[in-house]
Amino acid sequence: MKNVLITGGTSGIGLGIARAFAAKGYNLLINGLEPNGPEIAKELAAEHGIKVIHSPANLMQPEQIREMVALAERVLGQVDILINNAGIQHVAPVDEFPEDKWDAIISVNMSASFHAAKAVWPGMKTRGFGRIINIASAHALRASEYKIAYVTAKHGIAGLTKVLALEGAPHNITCNAICPGYVRTPLVEAQIADQAKAHQMSESDVIEKVMLKKQPVKQFVTIDAIANLALYLASETAGQLTGAMLPIDGGWSAQ
């Protein structure tokens, strides 16, 4: 069975993806800063009879990313599938946007995906197989107010995805991006509060009139939907699908 490295794999979408891959028998390295990361790894390993290791690597530090990949290769043997999922957010008008928040979001949401892909690339090329899955966002395809760093980073992920797909094609390395609409994760819960403050409205109005306003299907995207698409993209069957930006956004990007 193949081995998967998931950044931001100890909460939210990343943890949902980790659970889905574990259920299919994949070995995992899950990265995350949550203090219960090691316990999550132990639980997944015991429940599914697989190898699971946890890495608390700080994705703002390229050296720590390289060390994380080296750990996966040392303990699991190799990294067959890389899922760049980790992300952070801050909401503010452009003239009030803190510069340190800009730097952090660009680093975690975009640059870390480059450093991780670069680190796993030599092994994937040598073996003639690799799957890189970037968890982007509908904001890789569309823009919204008050999210200049996040939208910029996710648009950057779109370009990164396409270049990796082109360079990976001769080596059976695919790279695709999943572009979800709003998913009710801890990150989005924080956004609801921030948007309520920015728009001076109630949180329920933010959900209805701001977040889901742009989605014709008025429902939050489920983590299961994202995880199942990731499983397909990781498979041998998906070898011809590469360089794609795949929306799961309730029709948002169809407009």
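Two strands count as paired if DSSP finds at least two bridges between them. The model shown in these views is predicted.

**View 1. A parallel, open sheet of 7 strands.** The strands follow the order β3-β2-β1-β4-β5-β6-β7, and their pairing is parallel. The edges are taken by β3 (52-55) and β7 (245-248); each has a single partner strand, so one side of each is left without a neighbour in the sheet. On average, and with direction ignored, neighbouring strands of this sheet are turned by 15° against each other. Strands of a sheet pair through backbone hydrogen bonds, in either a parallel or an antiparallel sense.

View 2. Strand β6 spans residues 173-180 and pairs with β7 in the parallel sense over 4 bridges. Pro180 has Ile248 of β7 as its bridge partner.

**View 3. Helix α2 across β2 and β3.** Helix α2, made of residues 37-48, lies across β2 (27-31) and β3. The helix runs at about 170° to β3.

View 4. Residues 223-234 form helix α8, which lies across β4 (81-84), β5 (130-135), β6 and β7. Its direction is at about 170° to β6.

**View 5. A nonpolar patch on the surface.** The patch is formed by Val94, Trp102 and Ile148, which together have about 260 Å² of accessible area. Ile148 belongs to helix α5 (residues 148-168). Ile148 counts as partly exposed because its relative accessibility is 36%, and that class lies between buried, under 20%, and exposed, over 50%.

Terms used
Residues numbered from 1 in each chain as written. Predicted model: local features only at pLDDT ≥ 70, side-chain atom pairs only at ≥ 80, totals over all residues. Heavy atoms only, no water. Patch = residues over 30% accessible without salt bridge, like charges linked within 9 Å, V, L, I, M, F, W, Y side chains within 5 Å. Areas by Shrake-Rupley, 256 points an atom, 1.4 Å probe, with all protein chains shown as cover. Salt bridge = Lys/Arg side-chain N within 4 Å of Asp/Glu carboxyl O. Helix = DSSP H or I, 4+ residues; strand = E, 2+ residues; numbered from the N terminus. Buried < 20%, exposed > 50% of the residue type's maximum accessible area, 1.4 Å probe, protein only. Axes fitted to C-alpha atoms, helices over the stretch in contact; angles between N-to-C directions. Contact = heavy atoms within 4.5 Å.
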